[in-house]
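Work through the exercises below with the sequence and the model side by side, and try each task before reading its solution.

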Amino acid sequence: MITDLSLITDLSDRDLIYTETLMQRGKEDYAGKEIVILGGGDGALLYELLKENPKNVLMFELDEVVIRACRMHMRECCGDVLDSMKGPNYEIILGDCMTSLEAMIKENRQFDYVFGDLTDVPVTPTPQNEIWDFIRLILKTSMKILKPKGKYMTHCCGAACPGALKMFEDQLSSLGCEVDYTKATAFIPSFLEDWLFYQIWKKEKDV
């Protein structure tokens with residue numbers, strides 16, 4: 001267990017590459033865009049996205065304890081963005097993200113980007129457990145609030161787990177809509193390994 005908080009903040013600062021690869025900084029244009037973050041309690045993704053001048057960012061986080069701890073001890077990665085639950089172009093909403101997703105579907109709200117900054121894909125023999133069920137549910141539901149050219153951005157797991165990566169990609173063929181995807185890899189210092197990130201979007205229908 002790490003007890004020296006300076007080590008924690010040092011790792012979080014060096015792991016900026018994680019957030020930048022998740023958001024594909026320099027490859028995606030977030031200016032003027034409407035964005036949803038599912039999870040992201042450490043505030044790092046929200047903090048970096050706000051530097052890109054989005055129109056609005058909604059962040060849904062279940063665990064208020066995580067927010068309080070990161071606000072106090074991980075300011076190198078979240079800056080001051082967790083000091084307030086609402087700003088000029090963002091809002092942090094505490095609670096189950098599924099409840100909020102279902103409400104947005106009923107309201108026919110759509111977004112340019114949805115970030116799945118939740119649990120990593122588990123390393124299991126088959127994609128059959130509660131975590132996989134949750135991952136499938138989040139994927140299917142998120143597709144429903146994406147604009148026609150919107151993207152779902154998420155982290156997956158380590159490159160050393162090809163079986164889990166293949167199982168994740170297999171799930172993308174059963175989302176209720178046809179999708180395309182790209183993926184990116186980055187070495188994450190605190191993980192000491194290469195990590196995979198996915199960018200997923202709905203295929204355009206033939207006219």
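**Exercise 1.** Determine at what angle the axes of helix α6 (residues 97-106) and helix α7 (residues 130-143) cross, and which residues of the two helices meet.

*Solution.* The two axes come within 10 Å and cross at roughly 25 degrees, where axes are lines fitted to C-alpha atoms, for helices over the stretch in contact, and angles run from 0 to 180 degrees between N-to-C directions. That makes α6 roughly parallel to α7, since angles under 35 degrees count as roughly parallel. Next, Cys97, Met98, Leu101 and Ile105 of α6 meet Leu137, Ile138 and Thr141 of α7, contact meaning heavy atoms within 4.5 Å. These residues divide into six nonpolar, one polar and no charged, with Ala, Val, Leu, Ile, Met, Phe, Trp, Tyr, Cys and Pro counted as nonpolar, Asp, Glu, Lys and Arg as charged, and the others, Gly among them, as polar.

The model is predicted: local features need pLDDT of at least 70, side-chain atom pairs count only at pLDDT 80 or more, and totals for chains, interfaces and linings use all residues. Residues are numbered from 1 along each chain as its sequence is written, and side-chain values use heavy atoms, with hydrogens and water left out.

**Exercise 2.** Trace the order of the eight strands in the open sheet, and find which strands stand at the edges.

*Solution.* The order is β3-β4-β2-β1-β5-β6-β8-β7, with mixed pairing; strands (E, at least two residues) and helices (H or I, at least four) are DSSP runs, numbered from the N terminus, and two strands pair if DSSP finds at least two bridges between them. At the edges stand β3 (86-87) and β7 (179-188), each with a single partner strand, so one side of each has no neighbour in the sheet. Finally, β7 is joined to the antiparallel strand β8 (residues 193-202) by ten bridges, and threonine 185 stands opposite leucine 196 in β8.

Methods:
Parallel < 35°, antiparallel > 145°, perpendicular 65-115°, else oblique.
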